[in-house]
Amino acid sequence: MLTGGHFGILVTGVDNLTIDNVKIDTNRDGIDIDACRNVRISNTSVNAPNDDAIVLKTSHGLGFARAVENVTITNCLVSGYDIGSLLDGTYKRTVKQAPDRDGPTGRIKIGTETEGDFRNITISNVVFDRSRGLALETVTGRTWKTLPISNITMREGFERSHLHPAGQPYAGAGRDAHRLSRRVTISNVSAYDADPRLWLHHQRHPRP
């Protein structure tokens, strides 16, 4: 899939979903999983230099809050190379900034739309190339429950998690990270050429 226009794949309120052996090279989000249950994303490569590669979210798109549950992301590559250069195998690096004027995005993100909780999310055996790595974000005080992350390789990127109020702010964002995150583990991470500003960065934003 090349330059999907909006998002490469946007799935809302779907149960029992498998995405396997897919390549996406796009100018926006690669895969958005919203309010879904029993999802497996495997053997998939997503290049998204201007936006997120794989996103889990719980928006109000169904008209009510619904948790994201039982999601596995495994044996995948996410990256921020020039658009089109993943599919043609050239892996070009001419673009230095995403539209937000920071480096290429191409990350896996949980949030920021968090109307419902995130439960039983497993991320393993993932390579992050020239991307912003992993973002765990909540804006409404919803929780992450049972989130094992393991066997991660990051090249030319960084790992970050931040909780911040936006939209309808949650007053405890930032200071209550220990309460919002339950059984979250990150293990076996190998990183090199990482941005020293943002390695394992916990960011607090002031309330608006």
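**Entry 1: secondary structure.** I counted the elements of the protein chain and found 1 helix and 15 strands. Helices (H or I, at least four residues) and strands (E, at least two) are DSSP runs, numbered from the N terminus. I noted that this is a predicted model, in which local features need pLDDT of at least 70, side-chain atom pairs count only at pLDDT 80 or more, and totals for chains, interfaces and linings use all residues. Residues are numbered from 1 along each chain as its sequence is written, and side-chain values use heavy atoms, with hydrogens and water left out.

**Entry 2: the whole chain.** I looked up burial: 51% of the 208 residues of the protein chain count as buried. Buried means under 20% relative accessible area, exposed means over 50%, and partly exposed lies in between (1.4 Å probe, protein chains only). The chain exposes about 9300 Å², and carbon and sulfur atoms supply 46% of that area. These areas come from the Shrake-Rupley method with a 1.4 Å probe; for residues, only the protein chains shown count as cover. I then took the contacts (heavy atoms within 4.5 Å). Of those between residues at least 6 apart in sequence, 71% join residues at least 24 apart.

**Entry 3: Asp32.** I found Asp32 in strand E4, residues 31–34. Is Asp32 buried or exposed? Asp32 has a relative accessible area of 0%, so it is buried. Its side chain makes a polar contact with the side chain of Lys57, at 2.9 Å. A polar contact is a pair of N or O atoms within 3.5 Å; within protein, one must be able to donate a hydrogen and the other to accept it, and residues adjacent in sequence count only if both atoms are side-chain atoms. Leaving out residues up to four places away in sequence, I listed Phe7, Ile9, Leu10, Val11, Val55 and Lys57 as touching Asp32.

**Entry 4: the aromatic pair.** I found 1 aromatic pair in the structure. The ring centres of Tyr81 and Tyr91 are 5.3 Å apart and the planes stand at 65 degrees, so the pair is edge-to-face. Rings of Phe, Tyr and Trp (its six-membered ring) pair if their centres lie within 6.5 Å; planes under 30 degrees apart count as stacked, over 60 as edge-to-face and the rest as tilted. Both tyrosines lie in the loop between strand E8 (68–79) and strand E9 (108–114), so the pair ties together parts that are 10 residues apart in sequence. Tyr81 counts as buried at 7% relative accessibility, whereas Tyr91 is partly exposed at 40%.

**Entry 5: Ile83.** I placed Ile83 in the loop between E8 and E9. Ile83 is partly exposed, with a relative accessible area of 36%.
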